[in-house]
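Good morning, colleagues. Please bring the model up on your screens, and I shall take you through its strands, its pockets and the confidence attached to them.

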Amino acid sequence: MSELELENIEEEKKQYIVVMIGSEQYGIDISYVDNIVRMQPITRVPKAPSYYAGIINLRGEVVPVMSVRLKMGLEKDVESKASRIIILKLEEQGLVGILVDEVKEVVSLGESDIDRVASNAKGNNATFINGIGKNGDNLVSLFEISAIIDPVASKSRK
């Protein structure tokens, strides 16, 4: 075997769920994903931040749901048959749902497939992205889950 083949065998790959938000593909580390559910009625919470869609009842548990689009400063969510709520399980916050336009696939990416985003990268969404994954000819922006979720989870605990 060549050195390159050995490197590829030894490289640990992580799985990411690829979702669509608008026309862009984003990856969510599968280790955070608890469940993917179809759209359901979301109960609005008064005086919540604008990106906080509300809460849902998931098998008897109240789960806060947020709009990643609004959190990143994009246009409002447009619900379709492909829209989903991805339920993330976070150690300290418990369950939190995020709205996505569509769930595409699960991909495995190794460190050699990911270009890390510089911490001083300009742009509104740069803080929400921790890397760009290369999946064949497609580029997938990898979410920094803690940057997206932390403020929502802390609001829901108050």
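Predicted model: local features only at pLDDT ≥ 70, side-chain atom pairs only at ≥ 80, totals over all residues.

Let me begin with a question: which residue in β5 stands opposite glycine 54? It is valine 65.

Strand β4 and strand β5, the latter covering residues 61-67, run antiparallel to each other and are joined over six bridges. As a general point, the strands of a sheet pair through backbone hydrogen bonds, in either a parallel or an antiparallel sense.

These two strands are part of an open sheet of five strands, whose order is β3-β6-β7-β5-β4 and whose pairing is mixed. At the edges are β3, residues 33-38, and β4, each of which pairs on one side only. From one strand to the next, the twist averages 30 degrees.

By class, the lining of the largest pocket contains eight nonpolar, four polar and five charged residues.

The second largest pocket has a volume of about 180 Å³ and is lined by 15 residues. Nearest its centre lie Lys14, Tyr16, Asp29, Arg116 and Asn130. Here β1 (13-21), β8 (102-110), β9 (114-116) and β11 (138-143) each supply at least two lining residues. The lining of the second largest pocket divides into seven nonpolar, two polar and six charged residues.

Finally, confidence. The protein chain has an average pLDDT of 82, and 82% of the residues score at least 70. Where is confidence lowest, and where is it highest? The lowest mean, 55, belongs to helix α1 (residues 3-10), whereas β3 has the highest, at 94. Two further stretches deserve mention. Residues 121-125 have a pLDDT below 50, and beyond near neighbours in sequence this stretch makes six contacts in the model. Residues 152-158 are likewise below 50, with 11 contacts in the model beyond near neighbours in sequence.

Thank you for your attention; I welcome your comments.

Technical notes:
Residues numbered from 1 in each chain as written. Heavy atoms only, no water. Nonpolar A, V, L, I, M, F, W, Y, C, P; charged D, E, K, R; others polar. 1 Å grid on protein atoms, 1.4 Å probe; cavity = no way out; pocket = protein on both sides within 12 Å on 5 of 7 lines; lining within 4 Å. Points joined across faces, edges and corners; volume = space filled by probe spheres on them. Helix = DSSP H or I, 4+ residues; strand = E, 2+ residues; numbered from the N terminus. Pairing = 2+ DSSP bridges. Axes fitted to C-alpha atoms, helices over the stretch in contact; angles between N-to-C directions. pLDDT = per-residue confidence, 0-100. Contact = heavy atoms within 4.5 Å.
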